[in-house]
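Please look through the sequence and the structure shown here before reading the report that follows.

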Amino acid sequence: ESTLGAAAAQSGRYFGVAIAANRLSDSTYATIAAREFNSVTAENEMKIDATQPQRGQFNFTAADRVYNWAVQNGKEVRGHTLAWHSQQPGWMQSLSGSALRQAMIDHINGVMSHYKGKIAQWDVVNEAFADGSSGARRDSNLERTGSDWIEVAFRTARAADPSAKLCYNDYNVENWTWAKTQAMYRMVRDFKQRGVPIDCVGFQSHFNSGSPYNSNFRTTLQEFAALGVDVAVTELDIQGASPSTYAAVVNDCLAVSRCLGVTVWGVRDSDSWRSEHTPLLFYNNGSKKPAYTAVLDALNGG
Ligand code: G3I
């Protein structure tokens, strides 16, 4: 196959991209995105500050621009993200305790009902674990409502849209030996044992010199899949865009039957949140980088 999405589809997987609504009017960007990918994540437009800027007033204008573009171009959509310590609107940042807990529940219900039956996977909870060697939860206003906030979020999400796969999503959890990875593993294992509804784990995979790709990523994917959840590479970008590292990540996903697909976090280097790292698959002029060819070849079976 000659595009990333079609090549991934040969094994029943997708190859996705993060889309920014305000870039869709750029014809180079939109042409590449429409041609190459068969899954879309909104880079910012489905986040809490975008979808509920004032308490109780939902706004899906930008989110729907991304969603409608995706559907019109035949792509499935990953929802990102419902409960997160970051990109909270001001009104939510100022809440605590039971009021914040209720606001989280209301937010999940409001966004998921708007997209009921339309989203393949939701990142229900994003980035709840602390960096470093503690294996602890990240301190946040949500965590301070009680450490059961994550399972409450998942139970709320299941009731709001039973058709969506419900994912926990985080970064620096790709290396199997890291404390953060092990902490996330223990949470997912506990959720599966107690019947908390979780279907998938997203590994953001923002690889850079401080958090490099390690070949034990495949072990990580296998160990989580063995708990009975699907896994996905949800925000892939690699500092320097080494073709062999990109191919290794794709091959890790292909090696795990429960790996649903891979999403890259932007189209061209200039679209990246870390553009100075030139971490993506397309040059700023829209031409394909060596990493693109490496990914396509891997998806086509090497
Ligand atoms: O839209 C405003 C614009 O009006 C304003 O002029 C400009 C000035 O700063 O800011 C614009 O908003 C920025 C937004 O991106 C859109 O470009 C925000 O400041 C900026 O904080 C925001 O950054 C996003 C970041 O999440 C915020 O946490 C990045 O685009 C986005 O790529 C990044 O994505 C996250 C995932 O959601 C979770 N995992 C990590 C990943 C990378 O940080």
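How many Å separate a polar side-chain atom of histidine 80 from an oxygen atom of the ligand?

## The ligand and its polar contacts

In this predicted model, the distance between a polar side-chain atom of histidine 80 and an oxygen atom of the ligand is 2.7 Å. For asparagine 44, a polar side-chain atom lies 2.9 Å from an oxygen atom of the ligand, and for tryptophan 265, an N or O atom in the side chain is 2.9 Å from an oxygen atom of the ligand. The ligand taken alone exposes 780 Å², and the protein buries 45% of that area.

## The shell around the ligand

The ligand is surrounded by 13 residues, of which the closest are Glu43, Lys47, His80, Gln204 and Glu235. Sorted by class, this shell consists of six polar, four charged and three nonpolar residues.

## The nonpolar core

The largest nonpolar core holds 97 residues, and those with the most contacts inside it are Phe15, Trp122, Val125, Phe154, Phe224, Tyr246 and Leu281.

When its neighbours within four places in sequence are left aside, phenylalanine 154 is in contact with Val124, Val125, Leu166, Cys167, Tyr168, Phe191, Val196, Pro197 and Ile198.

## Confidence in the prediction

Where pLDDT is low, predicted coordinates should not be read in detail. For this chain the mean pLDDT is 98, and 100% of its residues reach 70 or more. For the complex, the predictor gives an ipTM of 0.94 together with a pTM of 0.98.

Notes
Residues are numbered from 1 along each chain as its sequence is written. This is a predicted model: local features need pLDDT of at least 70, side-chain atom pairs count only at pLDDT 80 or more; totals for chains, interfaces and linings use all residues. Side-chain values use heavy atoms; hydrogens and water are left out. A nonpolar core is a set of buried Ala, Val, Leu, Ile, Met, Phe, Trp, Tyr and Cys residues joined through side-chain atoms within 4.5 Å. Buried means under 20% relative accessible area, exposed over 50%, partly exposed in between (1.4 Å probe, protein chains only). Contact means heavy atoms within 4.5 Å. A residue is near a molecule or strand if one of its heavy atoms lies within 4 Å of it. A polar contact is a pair of N or O atoms within 3.5 Å; within protein, one must be able to donate a hydrogen and the other to accept it, and residues adjacent in sequence count only if both atoms are side-chain atoms. Accessible areas come from the Shrake-Rupley method with a 1.4 Å probe; for residues, only the protein chains shown count as cover. Ala, Val, Leu, Ile, Met, Phe, Trp, Tyr, Cys and Pro count as nonpolar, Asp, Glu, Lys and Arg as charged, and the others, Gly among them, as polar. pLDDT is the predictor's confidence in each residue, from 0 to 100.
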